[in-house]
Amino acid sequence: MKKFTSLGVAIFAALLMVGITSQANAVTLGVYDKGLLVPVTTHGTPGTDTAVGILCSVDTTVYWTFFDKQSNPIVDSEFRCTHNDLYHYSLNNEAPNTEDVEGYIVFTANGGIDARHGKTAILQADNATISGNAFLIDTNSDDAIFLPVVPLCIADYTAGTDLSAMTNTSIISLHYGFTRGDNCNIDVRYWLDPAYGACTNVILWTSECLNSFWQWGGLNPIPDNCYFDTDPNNPTPWILKCHLNVYDDEEHRTSVSIPLQCEVHNFFPSNITGWPNYIDGFIRIPSVDLMPTQGDGAFGFSYVTSTTFRAAQSLLASENCGTMDCGQAPVGEQPPCGCGQ
């Protein structure tokens, strides 16, 4: 058996603590509200699944839609959930024959049918709320990666959304997610130490398909640190890249260009062209890169794996844009959902 050095144990212990304590500023997890966003999924290949445990505050119907990375709806359905119930959701069981699709899931608690329009329109005053936890399951490595689940409030949905026919415009914001501001940055952790077989996967979710927003004439100019490049592997020959600062644990800095595409952004830092020989540190992303307009929403985290420790750990991204009291919001934005309730 390989012996762990005290430094290696200390590094992994520090990562565990960061994973527990790095939530900051506007991001709020673990509260009951109208819906839930599971920001990334895996399933289908042998031994993998996305498992979600959903808690219901009242008797309700929970509608769910599984989207691909570009927010195209792949499959949807609903289930009954009673007062104080816990519903176990498995993407493998609920969405068979979708093994090649990666994306995200939206769950919504709703009281009934809109009789006026004959559709399952989202209802604001039915008092139905849910909360939940999720894991990316990989039995091949005996692992279950903690997957942060972001609450959705009524303002995150397009008014009158038909929950049985959601589209790529149904979720328009993320009030419990990151804060948008000219001076707000999102710091996403990485750990790439080859001595421990360490690998990092960065997950970002945005309410806008960033690549097409700026390519097809978004209202705001493209951020100064972003540009379009050709993509030889894609018939659409443009791909958005943003030049981002990367720091290591000794405060060294360099910049690399990282692609930002549609709603689910998933990349391995070690695969980025020009990545420096940094082992431990963070990537700094200006929030305006992820949220082009005041009404947009975004969230992100990373998870690290280690062949030495045979364990995976989620690391929540940290925000840096000043202290904000509950109920106080940047100019042009409404307060986060839930404040003062």
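With 100 degrees about its S-S bond, the link of C226 and C242 is right-handed, and the two residues sit in strand β12 (residues 226–229) and strand β13 (residues 239–248) respectively, so that distant parts of the chain, 16 residues apart, are linked by this pair. The model is a predicted one, and a search of the whole structure finds 3 disulfides in it.

**The link of C226 and C242**

- The disulfide that joins C226 to C242 has an S to S distance of 2.0 Å.
- C226 has a relative accessible area of 8% and is therefore buried, given that buried means under 20% relative accessible area.
- C242, its partner in the disulfide, is likewise classed as buried, with a relative accessible area of 0%.

**The link of C56 and C81**

- A further disulfide joins C56 to C81, with an S to S distance of 1.9 Å, and this link is right-handed, with 105 degrees about the S-S bond.
- Because C56 belongs to strand β2 (residues 48–56) and C81 to strand β4 (residues 73–81), the pair ties together parts that are 25 residues apart in sequence.
- Both C56 and C81 are buried.

**The link of C209 and C262**

- C209 and C262 are joined by a disulfide with an S to S distance of 1.9 Å, and the -45 degrees about its S-S bond make this link left-handed.

- C184 counts as buried because its relative accessibility is 7%, the cut-off for buried being under 20%.
- C321, by contrast, has a relative accessibility of 23% and so counts as partly exposed, a class that lies between the limits of under 20% for buried and over 50% for exposed.

Conventions:
Residues are numbered from 1 along each chain as its sequence is written. This is a predicted model: local features need pLDDT of at least 70, side-chain atom pairs count only at pLDDT 80 or more; totals for chains, interfaces and linings use all residues. Side-chain values use heavy atoms; hydrogens and water are left out. A disulfide is a pair of cysteine sulfur atoms within 2.5 Å. Helices (H or I, at least four residues) and strands (E, at least two) are DSSP runs, numbered from the N terminus. Buried means under 20% relative accessible area, exposed over 50%, partly exposed in between (1.4 Å probe, protein chains only).
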